[in-house]
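Thanks for coming. I will go through one model today, from its aromatic rings to its cores and then to one helix.

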Amino acid sequence: MAVKGMYTSEARIQGKEVSAIAEEFGTPLFVYDADTLKSTYHGLRDTLPKSADVFYSLKANPNVSICALLNSLGAGAEVSSHAELVTALRAGVAPEDIIFLGPGKDARELTACVEAGIHAIVCESFDELDLLDSLLATAGRDTFPVLLRVNPAFGSKGSGLAMGGKPRQFGIDEVELRESKHRLSALRHIRVKGVHAYMGTRFLNHDDVVRNTRQILATAEDLAGRLGFPLETVDFGGGLGVAYFDNEEDLDLAALGTGLADVLSSFSAHNPHCRMIMELGRFLTAAAGTYVVRARYVKDSMGETFVVADGGTNHHMAAVGVGSFVKRNFPIRHLGGRSVEALRPYTVTGPLCTPNDVIAKKVRLPEVQPGDLLAVERSGAYGPTASPGLFLSHGFPAEVLVHDGRAHLVRERDSTEDLLSKQHLVDFRPPAA
């Protein structure tokens, strides 16, 4: 269960003091614990039926070392851009364990998928299918495998962010897809091998995940029968959540495994050669990450005490509570050693010139002084990848992975020169006489 404010005399990751890591690499920074990544993956893998493959959604944290570690444990990769595709390949993911999805793929991305020979392209519109068919014809290719992303007619319950069952840019509406047999048969270079559906994210109730999976698999069987393609792969999404806030509880993995075992075994009995994929991002990485900032100033304003830190929502927009009507705090702790109790409420902000730059609102912490370190926990997902790192030209922070007791720099901090090197100065001086 997530809590608002925690205290520890000194946080450690694999025996290394977080303060020592911050001293070595500077702040703000993200620190990832490889042991937590491993235990999270193995805990899920041991719970899920063996018939389901686990694919890592790079959008949650596209760091190449994070991807490589999860791949070394057995995870495939779900990518959604050319850079993510290259990242997965450089991380060592086998092409047959990669799928590429997203509603707006361009010709370069589609061509890269074909050249890499990935497991399947997840097509999300008829226009995309037409474009891919044309590219394959031009390249002289016979066929290439695709999954059809369906936007199901049914909705989902329990999602923090629904991505199916409503008007969406994702996928093809089930009603329209059911009547598309003739249109699909006209595609000469595409081999439909299955179905993809993703209903939403941040599910914290196992019953909701099991119910969605059952309905997705039934929809996949129905579409395969109606449209006449072999059901070789079904990606039934995932969207497993983690508890960030007060009054939230983490998923009951044992109950999830039991429920999915019943659903998947029944489906496999009718489709023994079908590959089943569960794609996960946040669930695999969130708990492994800590965002570490250093207090620069502590000030009072009209009865409220503010800690102005060296990093904020420019690196950790998720901590703002985007998509929520009410601001809620991620679990945060003081890394100092002056007190053993959470004494008073502090509003923790970053250095940005906007009132929205708040990463913790009135969170109770031990006394904070300038120079103290604060840690925002469960920050391994949707940190830099979902944040406006270029706002006010602060750049992106360093990222460090602690593996086998050693801290490895896995992303360098942006420097001023890094930010300016891609810009080109126009000479506005008048020409010399």
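One term before we start: buried means under 20% relative accessible area, exposed means over 50%, and partly exposed is in between, with a 1.4 Å probe and protein chains only. By that cut-off, Tyr 244 is buried, and Phe 245 is buried too.

This is a predicted model, so to speak of local features we need pLDDT of at least 70, side-chain atom pairs count only at pLDDT 80 or more, and totals for chains, interfaces and linings use all residues. Residues are numbered from 1 along each chain as its sequence is written, and side-chain values use heavy atoms, with hydrogens and water left out.

Now the rings. Rings of Phe, Tyr and Trp (its six-membered ring) pair if their centres lie within 6.5 Å; planes under 30 degrees apart are stacked, over 60 edge-to-face, and the rest tilted. The structure holds five such aromatic pairs. In one of them, Phe 30 and Tyr 291 have ring centres 4.6 Å apart and planes at 25 degrees, so this pair is stacked. Phe 30 sits in strand β4 (residues 29–33) and Tyr 291 in strand β16 (residues 289–301), so to speak distant parts of the chain, 261 residues apart. Helices (H or I, at least four residues) and strands (E, at least two) are DSSP runs numbered from the N terminus. Both Phe 30 and Tyr 291 are buried. Tyr 244 and Phe 245 make a tilted pair, at 5.8 Å centre to centre and 50 degrees between the planes.

Next, the cores. A nonpolar core is a set of buried Ala, Val, Leu, Ile, Met, Phe, Trp, Tyr and Cys residues joined through side-chain atoms within 4.5 Å. The largest has 101 residues, and those with the most contacts inside it include Ile 121, Phe 229 and Val 348. Helix α9 (residues 206–227) gives the most to this core, eight residues. A second, separate core has 16 residues, among them Ala 22 and Val 402.

Last, helix α5, residues 107–116. Its buried residues are Glu 109, Leu 110, Ala 112, Cys 113 and Val 114. At the N-terminal end, Asp 106 caps α5, with a side-chain oxygen 3.2 Å from the backbone nitrogen of Arg 108. Just after the helix, Gly 117 takes a positive phi of about 75 degrees.

Note on methods: Polar contact = N/O pair within 3.5 Å; in protein donor to acceptor, adjacent residues only side chain to side chain.
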